[in-house]
Amino acid sequence: MMLRNAAGRRAVATVATAATALSLALALSACSGTTKDSSDKESTKAGATAKADPGAALKKGLKLAFLPKQINNPYEKIVDDAGIEAAKEYGGTGKEVGPSDASASSQVSYINTLIQQRQDAILIAANDPNAVCGPLKQAMKKNIKVVAYDSDTAKECRQLFINQASSEEIGRSLVQHLGEQIGHKGKIAILSATQNATNQNTWIEFMKDELKLPEYKDMKLVKVAYGDDADQKSFQQTQGLMQAYPDLKGIISPTTVGIAAAARYLSDSSYKGKVVLNGLGTPNQMRKYVKDDTVEQFSLWNPEELGYLGSYAAASLASGQITGAEGEKFKAGKLGEYTIGKDGEVILGKPTVFDKKNIDTFDF
């Protein structure tokens, strides 16, 4: 999926500045000799001087814990299961734990428990970038590696962020696709997850920025609604949007729960075929809505690959191969080699656009 060429406005940064001293202070390496039983002072000091050992082997018996936004989210279940399976490839073990709701502070108690269990790494899709910071910093002081995936924490609260794709590319491309579908005219709305979700808010900011360009002068964003990544609430929010704006031309839902719920509402309403729905979804969720012409197209990366990459990144951190500094490289099994970018970001790759022509070739 390519962004349209436009000098200086859609280029996604691929070259970043040198990693800051703060990120090095957080990069606690397993090869430093500090154990999870060491004092916070000793662990912090070790992290400040830790250096990557690219030749180190992945340690056997590593314990990884995946902490999704909510335990019953079907998309994050795919991500986490793939990461758990990946751990078996290098002799580690993984598990998924998490809350049943996606509120800002719901993950805190789980992090505290994982610290007590002395996990080697915690992988988290943050519901709020700051609410989880306190316990995550405590985890890192105890030499537990922290990897954010899908939805980032504040940068000082983790060593790596595994991003599914360039945030700018995701946000801008969703507006571009919808614009083409509605002829760049009409009222549009966004159906998001939670108000504090880092990834959603970042994408939405790029959507709003894209809408400022001249070609969208006849398109108007009238509402950003929040379904809290809950199926029924997302369904009701879609219904509410159509009641408030019966002349709405399009909806962007950058959440797999939201787009499926919105499609379900539209498919049984008088708005089917009149309101364009685009966003991020899984092929298995959206297949029937593509085939019954409720949805023409939607996008997503491969969530299995996201979990797989996160698992290997966490193992590389815990084994001392990398510290999380910009420019370091590590191998992610069958996915090949990845390079750490600015602020500890690792990008999986470009998302795929799904439609009637290709949707049956995917199963996730």
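Predicted model: local features only at pLDDT ≥ 70, side-chain atom pairs only at ≥ 80, totals over all residues.
1. **Overall make-up.** The chain carries 11 helices and 14 strands. Of its 364 residues, 55% count as buried. Contacts were also sorted by distance along the sequence. Among those with a separation of 6 or more, 72% join residues 24 or more positions apart.

2. **Helix α8, length.** This helix runs over residues 231–244, 14 residues in total. From first C-alpha to last, α8 reaches 20 Å. That is close to the 20 Å expected at 1.5 Å a residue.

3. **Helix α8, buried side.** Which residues of α8 are buried? They are S234, F235, T238, L241 and M242. These residues lie on the same side of α8, because they cover an arc of only 120 degrees around the axis.

4. **S311.** This serine sits in helix α11, which spans residues 303–318. Is S311 buried or exposed? Its relative accessibility is 0%, so S311 counts as buried; the cut-off for buried is under 20%. Leaving aside residues up to four places away in sequence, S311 touches L64, F66, G83, A86, A87, Y90 and L123. Of the elements named in this note, α3 covers residues 74–89, and G83, A86 and A87 are among the contacts of S311.

5. **D150.** Most residues other than glycine have a negative phi. D150 is not a glycine, yet its phi is positive, at about 70 degrees. D150 is placed in the loop between β4 (145–149) and β5 (160–163). With a relative accessibility of 3%, D150 counts as buried.

6. **D343.** Here is another aspartate with a positive phi, about 60 degrees. D343 lies in the loop between β12 (337–339) and β13 (345–347). D150, by contrast, is buried.

7. **The cavity.** Rolling a probe the size of a water molecule over the atoms shows where empty space is left. How many cavities of 30 Å³ or more does a search of the whole structure find? The search finds one. The largest cavity has a volume of about 110 Å³. Its lining has 15 residues, and Y75, Q200, P254, T255 and T256 lie nearest the centre.

8. **What lines the cavity.** Helices α3 (74–89) and α7 (198–211) each supply at least two residues of the lining of the largest cavity. Helix α7 gives the most, with three residues. By class, the lining of this cavity has six nonpolar, five polar and four charged residues.

9. **The second largest pocket.** This pocket holds about 190 Å³ of space. It is lined by 13 residues. Which of them lie nearest the centre of the pocket? They are Q181, D293, T294, V295 and E296. The lining of this pocket divides into five nonpolar, three polar and five charged residues.

Key:
Residues numbered from 1 in each chain as written. Heavy atoms only, no water. Helix = DSSP H or I, 4+ residues; strand = E, 2+ residues; numbered from the N terminus. Buried < 20%, exposed > 50% of the residue type's maximum accessible area, 1.4 Å probe, protein only. Contact = heavy atoms within 4.5 Å. Expected span 1.5 Å × (residues − 1). Arc of directions from axis to C-beta. 1 Å grid on protein atoms, 1.4 Å probe; cavity = no way out; pocket = protein on both sides within 12 Å on 5 of 7 lines; lining within 4 Å. Points joined across faces, edges and corners; volume = space filled by probe spheres on them. Nonpolar A, V, L, I, M, F, W, Y, C, P; charged D, E, K, R; others polar.
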